[in-house]
Amino acid sequence: MAKTVIRDLLQIFKSSVSAVLPDNLIRNSVKYSPVSQQLTILNDKYDLQSKDVHVVGTGKAVQNMAVEIEKVMGPKIKQGIISVPVGSLKHRPSGILTYFEGAKNNLPDTNAENTARKVKDLVTKLGHNDLLLVLISGGGSALLPLPKEPITLEEKTTLIKKLANAGADITELNVVRKVISDVKGGQLAIQAQPAQVVSLILSDIVGDPLDLIASAPTTENKDDASKALNIIKKYNLFDDLPMSFKTVLSKDKEQQLFPKENVKNYLIGTNQLSINAALEEARNLNYSALALSNIVTRNVKEVAKSYATLAKLVCHLVTGKMNLNEVKAHISSLNIPGLNPEIMNQLVKVAHKDICLVFGGEITVEVKGVGKGGRNQQLALEFSALIHEMKDDFNKFEIYLLSAGTDGIDGPTDAAGAIGYLNLVADAKKENLDINIYLDNNDSYSFYKAFRSGELHVITGHTNTNVMDIHLMIIKRST
């Protein structure tokens, strides 16, 4: 294992996160003139001479978004409530806005629910002369939980956990959350009427769908209860549903008119921005860097297998064991969303250098064990196990994979992710660690904590941003 490569991977990941830090994104997107009282968001202008500004925010990135907004707009802001993850407020910001922590380990809790009630109370009192500025990022759903009565928070949390453990992806989870929430699925914007509503959004969902990010508190919900029911039935959870859910989901809900003309949503931060920064840093470190996809999804095991096969194909292309057309034909069958086989044409031109392949997205993990971990740590470990079995295909190469979340938190752990590599299995055996035991028990965190004293853990703490995950694969010729 080359420590220089490990340092490079960590530096590239750090750069990818820095590019989507919320204070930078706000500065680039929002301008305010105290003299004219004109607010400019991207290319749109808002006259605030006769309006009071109120701010609410929810998500892993909104603390720094809110701090920067207050710097930009100052005393024009009348009041605000910001819901942030537990552990975020080591240094509580001073100013007009009030911050509340909740959702420990990214799970809704009573603290977050109490904050959601405060937010609802604030927005329902707004009038024609108010502008509500809403700050939204990934993690916002867990930080703004307010189930429709008679559903309790405990019942709602239990259902979402069961869906996630059964393999439901974030899109499916948010469809269910919206239908059973009193503030999501556009409800926050509806309840703020007749105030003008403007949202600044960082995306943590593949494809950046505004109607799903943080369960869409300010975006019209076009899904009905039947769609949520079908997802629950898909994962065989309907029969065990408490009666409270069946009561809510069976109601013929009256369609509330969504005030489209009075609500504007702006997407200011995405996974693609993070990937672009990773590419730039990798090239600065003298790698041939290519972005292969920003919409990687599917289950951890499937993605690990696809990545391992891709690594083999790249090595065979570089050494001449396979020609370009053969490699492109195989890549078409890898089922990596967004991966265009034609990108191999670029790889051929730079094959003389060490290679860094960059991916983004968000995958899922089916939990069968009782260990501690997350999708990124699990992917790094699964990938290491697979390339170990294929090691004869990697003669004269070193293979590495960093998988980490830009929010700094992977599952209910203090790690953002981890790094896997070609000889990890063999090196682990020298420390009497059998990675298959850890894999089978979904205990990747414990493995990386024990192996080499945590050297391959990616530890950043809360980054206060969130644009999904970054996967970095380095393919390096052995020296």
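Buried here means under 20% relative accessible area, with exposed over 50% and partly exposed in between (1.4 Å probe, protein chains only). Welcome to a predicted model, in which local features need pLDDT of at least 70, side-chain atom pairs count only at pLDDT 80 or more, and totals for chains, interfaces and linings use all residues. Residues are numbered from 1 along each chain as its sequence is written, and side-chain values use heavy atoms, with hydrogens and water left out.

**Helix H6**
- Helices (H or I, at least four residues) are DSSP runs numbered from the N terminus.
- Helix H6 (residues 170-179) has 8 of its 10 residues buried, so the rest of the structure largely encloses it.
- Those buried residues are Glu172, Leu173, Asn174, Val175, Val176, Arg177, Lys178 and Val179.
- Their cover includes helix H5 (153-165), helix H8 (225-234) and helix H9 (243-250), where contact means heavy atoms within 4.5 Å.

**Largest pocket**
- A pocket is an open set of points on a 1 Å grid over the protein atoms alone, where a 1.4 Å probe fits, with protein on both sides within 12 Å along at least five of seven lines; lining residues have an atom within 4 Å of a point.
- The volume of the largest pocket is about 1300 Å³, counted as the space filled by probe spheres set on the points.
- Of its 49 lining residues, Asn106, Ala164, Leu173, Arg375 and Gly411 lie nearest the centre.
- H5, H6 and helix H14 (375-389) each supply at least two lining residues.

**Cysteines**
- There are 0 disulfides, a disulfide being a pair of cysteine sulfur atoms within 2.5 Å.
- The sulfur of cysteine 315 has its closest cysteine sulfur 14 Å away, in cysteine 356, too far for a bond.
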